[in-house]
2 protein chains.
Amino acid sequence: MTTDAQILTALRAADAGGVSGAELSQRFGISRAAIWARIEELRMLGYDISASPHLGYRLVSAPDLLHADDLTARLGKTKVVGRDLRVFQETTSTNDVIEKLARDGVKEGVVVFAETQTKGRGRLGRKWASPARNGLWFSVLLRPDLRPQEATRLTVAAATALARAIRRVARVTPQIKWPNDILIGGKKVVGILTEMSAELDRVRHVILGIGVDVNLNAGDFPAELRKLATSLKIESGAAVDRAELAAVILRELDADYARVIGGRFAAVADEWEAQCLTLGRNVTVDLGGRRIQGYAESLDEDGTLLIRTQHGRLERIIGGDVTLEK
Amino acid sequence: MTTDAQILTALRAADAGGVSGAELSQRFGISRAAIWARIEELRMLGYDISASPHLGYRLVSAPDLLHADDLTARLGKTKVVGRDLRVFQETTSTNDVIEKLARDGVKEGVVVFAETQTKGRGRLGRKWASPARNGLWFSVLLRPDLRPQEATRLTVAAATALARAIRRVARVTPQIKWPNDILIGGKKVVGILTEMSAELDRVRHVILGIGVDVNLNAGDFPAELRKLATSLKIESGAAVDRAELAAVILRELDADYARVIGGRFAAVADEWEAQCLTLGRNVTVDLGGRRIQGYAESLDEDGTLLIRTQHGRLERIIGGDVTLEK
């Protein structure tokens, strides 16, 4: 952990009484002047840190920005997800950045955030709008020992973790639309793009690209999306602390990833099913060339959607566009 | 087509009588001096081109090297495979080169050959020896409209095309071992590594990495492989023209790829099954953590191997190591 992250952790832990420069200096083995210099830098970034001879340093408020050291400090210790955490002010797409890192052999768990993406993308080559500082646009590199057809499990795990984090931080009730959307009140608030590099029988790496519409106002959405998309701020009625939400999401994702690779996917799937908008409904799936209509019956052990057609046949659906019938 | 490729094509077409400098000059719209300069360059590369006032230029023999223009000339017109063809003297792995091209948005069909690879690789991260000028080490970029689990079809198509080309050029009878090996007399002579980049429900690109042991002598194989691997030269008793073999392989691969994307995979699968060593045998499949024993019954519509276990259950096998029982 960097000194900045250590200082922020210490300030957060001591939030009632504050912590003295002498104590920080001793704890981290650097001079009080160096502590003061780091505090000044954090203040420049927008961290409101008060100082008094009596109370020492206190963190009054953190700015609405993503700062790698701060995220690391908030996140705490995880097994895999977020062990390495990077923030870009702007990038084409965080998935592109992660893909380069993956090819350079970077270990799994690295997370890349961008305050804005110039070429954010969704499934099937669609565009994803990523306005600056209003959302969480990030990607996670995973290297699970899975077969390609099992990669859907990671999308399911990500959706479960995101739903849990949103419930906890924004105090709204999200629903999951198979395979990769999270909705609130029927409108999309999170998209997940799962990309993989694989041999025929084993995944080399998976990149989870995640977009969360956090503090967007209705006017921030393109006109054609306003009926389909929403944000946590619109739904909860209050702005959400993005850094806190990010930390909670990564912690939950770390826990659910551990369940998937530890052979406990069934537990994740159960939790997913309980929040799923798609199961138990009549749906139409557009598979590009082909359409399937039927009853969304269940999820199989790989995260595949099982649809019972009107002819009684069970169809295994991996992707495609799912429309829910009224 | 470059001028070199045009000249080589004209020389091959006129192989009995030869073709005059004047005729070449007129046909390609460049001066006789320029034709002469190109011929000189080809001679420097080892092309034995005779010239007489009477007969004009004649191609006596081509050197044992892979030359992009020559390969293009031999290949002739294809739909997809080999429309863009590049030869490297040395590279880490031709799959790596193609992957970079794929990310740069290069169109499907590009083929990269290397005279030698310093980091040739096989399935499951294994090494692949690629001694200089003795084999064909190449990769093909494809962008089929398939789902990830259908990518096995391309391995099946590649194996079929390779078997046909080897039968035709080397006059030996190859057999196919599911999913990606071609054997002669029980020893491996071709390996195919299929790598893909995909979303959950659609392939973005597939890279077929192909290694053919063409003119290796027994001593060229590492000691531990001598009982398991062989070359076309060893099996046919004569050196094989690598450039001719390469052209025939690419032409056949182009034809089989057209069958796969044109909805005629069943025809490819039939041809594959007729040469398959694996079907109709008792096999053991090692899937890393798990072993499956049973009878290799058939191939399904995706190219998946169906194995009937002793309990009567049908297992769908996508990868793994298959051992044939005696």
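This is a predicted model: local features need pLDDT of at least 70, side-chain atom pairs count only at pLDDT 80 or more; totals for chains, interfaces and linings use all residues.
## Chain A as a whole

Chain A contains 9 helices and 14 strands. Along the principal axes, the C-alpha atoms of chain A fill a box of roughly 80 × 40 × 35 Å.

Of the 326 residues in chain A, 47% count as buried. A residue is buried when 20 or more other C-beta atoms lie within 10 Å of its own. Contacts within the chain can also be sorted by separation in sequence. Among those between residues at least 6 apart, 62% join residues at least 24 apart.

## How the two chains are related

Chain A can be superposed on chain B by a rotation of 180° with 0.0 Å of shift along the axis, and the RMSD is 0.1 Å. This is the relation of a two-fold axis. Within chain A, the residue that comes closest to the rotation axis is A:Ser197, with its C-alpha at 2.2 Å.

## The contact between the chains

The contact is made by 21 residues from chain A and 20 residues from chain B. On the side of chain A that touches chain B, two or more residues are given by each of helix 6 (152–170) and strand 8 (187–199). Strand 8 of chain A provides the largest share of that side, 6 residues. Sorted by class, the side of chain A that touches chain B has 8 nonpolar, 7 polar and 6 charged residues.

Of the interface residues of chain A, 95% are also interface residues in chain B, so the copies meet through the same surface. The pairing of strands illustrates the contact. Strand 8 of chain A and strand 8 of chain B (residues 187–199) run antiparallel and are joined by 5 bridges. In this pair, A:Ser197 stands opposite B:Ser197. A:Ser197 is also the residue of chain A that comes closest to the rotation axis.

## Helix 8 of chain B

Helix 8 of chain B covers residues 242–261, which is 20 residues. From its first C-alpha to its last, helix 8 reaches 28 Å, close to the 28 Å expected at 1.5 Å a residue.

Of the 20 residues in helix 8 of chain B, 16 are buried, so this helix is largely enclosed by the rest of the structure. B:Gly263 follows helix 8 of chain B and has a positive phi, near 80°.

Definitions and conventions. Residues are numbered from 1 along each chain as its sequence is written. Chains are lettered from A and ligands numbered from 1 in the order in which they are written. Copies are superposed by least squares on the C-alpha atoms of residues with pLDDT of at least 70 in both. Two residues are in contact if their C-beta atoms, placed from the backbone, lie within 7 Å. Helices (H or I, at least four residues) and strands (E, at least two) are DSSP runs, numbered from the N terminus. Ala, Val, Leu, Ile, Met, Phe, Trp, Tyr, Cys and Pro count as nonpolar, Asp, Glu, Lys and Arg as charged, and the others, Gly among them, as polar. Two strands pair if DSSP finds at least two bridges between them. The expected span of a helix is 1.5 Å times one less than its number of residues. A residue is buried if 20 or more other C-beta atoms lie within 10 Å of its own, exposed if 12 or fewer, and partly exposed in between; C-beta atoms are placed from the backbone.
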